[in-house]
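Let's take a friendly walk through a protein model together.

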Amino acid sequence: MLRPTLNELLSGMQRTIMEALMPELTSPYAQGQAMSAIGMLAHAAAVLESAPAYDAAEIKDLRATFAALKRLGDKHISKKSGLRGALARATRAGVKTSPDRRAMEESMSVFAAAVALGNVDDSVARHVRGYIRRNLERSRNLLGASLPTG
């Protein structure tokens, strides 16, 4: 492992603010800003720790969603919509040894746009909306209070 790690760098920045900068700050406003920076660094460190689990869950859900869409078959996904191509790209990206999450997300954005425009049937829309709900919940869990809940 390379040293210092990103978490060690963030912790070091927190200590520097607390031990070196705070004693020099005389303004309550500046002290408050320094404390906010310390809090943001702590939050960033916590998010970094959770990121690998988030990534794994995201890839697993994308794979499962695209597999479910593929099972719907050609009857539900028309060739001219471009969704078959997006589904094929997502499927290829998901079976790689190191899944290409970016390609999978790009394909999901094609499906999400089709849902938003009303260009898919209810079966496809249900799967895409389900993924989006789960994605938002994972993001909310990862980022904590920094995302709105309602």
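In which helix does A53 lie? A53 is part of helix 2. Keep in mind that this is a predicted model, so each value below is computed from it. Is A53 buried or exposed? A residue counts as exposed when its relative accessible area is over 50%, and A53, at 55%, is therefore exposed.

What does T65 touch? Leaving aside neighbours within four places in sequence, T65 is in contact with M108, H127, Y131 and R134.

Now bring helix 4 into view. The axes of helix 2 and helix 4 come within 11 Å and cross at roughly 50 degrees, so the two helices are oblique to each other. Their crossing is left-handed. On the side of helix 2, the contact is made by Y54, D55, E58, I59, L62, R63, T65, F66 and L69. Helix 4 contributes R101, M104, E105, S107, M108 and F111. As background, an α-helix has 3.6 residues a turn, so residues three or four places apart point the same way.

Helix 4 also meets helix 5. Their axes come within 10 Å and cross at roughly 120 degrees, and helix 4 and helix 5 are therefore oblique to each other. Helix 4 passes helix 5 in a left-handed crossing. From helix 4, the residues in this contact are M108, F111, A112 and V115; from helix 5, they are V124, A125, V128, R129, Y131 and I132.

Let's follow helix 5 from end to end. Helix 5 covers residues 122–143, 22 residues in total, and reaches 31 Å from its first C-alpha to its last, close to the 32 Å expected at 1.5 Å a residue. What caps the N-terminal end of helix 5? D121 does: one of its side-chain oxygens lies 3.1 Å from the backbone nitrogen of S123. At the other end, helix 5 is followed by G144, whose phi is positive, near 65 degrees. Along the way, the buried residues of helix 5 include S123, V128, G130, Y131, N135 and L142. Among the elements that cover the buried residues of helix 5 are helix 2 and helix 4.

Two more stops remain. G94 lies in helix 3, which runs over residues 83–94. With 5% relative accessibility, G94 counts as buried. Not counting residues up to four places away in sequence, G94 touches R63, P99 and M104. G94 and L117 are 23 residues apart in sequence, with 26 Å between their C-alpha atoms.

Finally, find Q14 in helix 1, residues 6–21. Q14 is buried because its relative accessible area is 18%, and the cut-off is under 20%. Setting aside residues up to four places away in sequence, Q14 touches I38, L41 and A42.

Notes
Residues are numbered from 1 along each chain as its sequence is written. This is a predicted model: local features need pLDDT of at least 70, side-chain atom pairs count only at pLDDT 80 or more; totals for chains, interfaces and linings use all residues. Side-chain values use heavy atoms; hydrogens and water are left out. Helices (H or I, at least four residues) and strands (E, at least two) are DSSP runs, numbered from the N terminus. The expected span of a helix is 1.5 Å times one less than its number of residues. Buried means under 20% relative accessible area, exposed over 50%, partly exposed in between (1.4 Å probe, protein chains only). Contact means heavy atoms within 4.5 Å. A polar contact is a pair of N or O atoms within 3.5 Å; within protein, one must be able to donate a hydrogen and the other to accept it, and residues adjacent in sequence count only if both atoms are side-chain atoms. Axes are lines fitted to C-alpha atoms, for helices over the stretch in contact, and angles run from 0 to 180 degrees between N-to-C directions. Angles under 35 degrees count as roughly parallel, over 145 as roughly antiparallel, 65 to 115 as roughly perpendicular and the rest as oblique. A crossing is left-handed if the near helix is turned anticlockwise from the far one by less than a right angle, and right-handed if clockwise.
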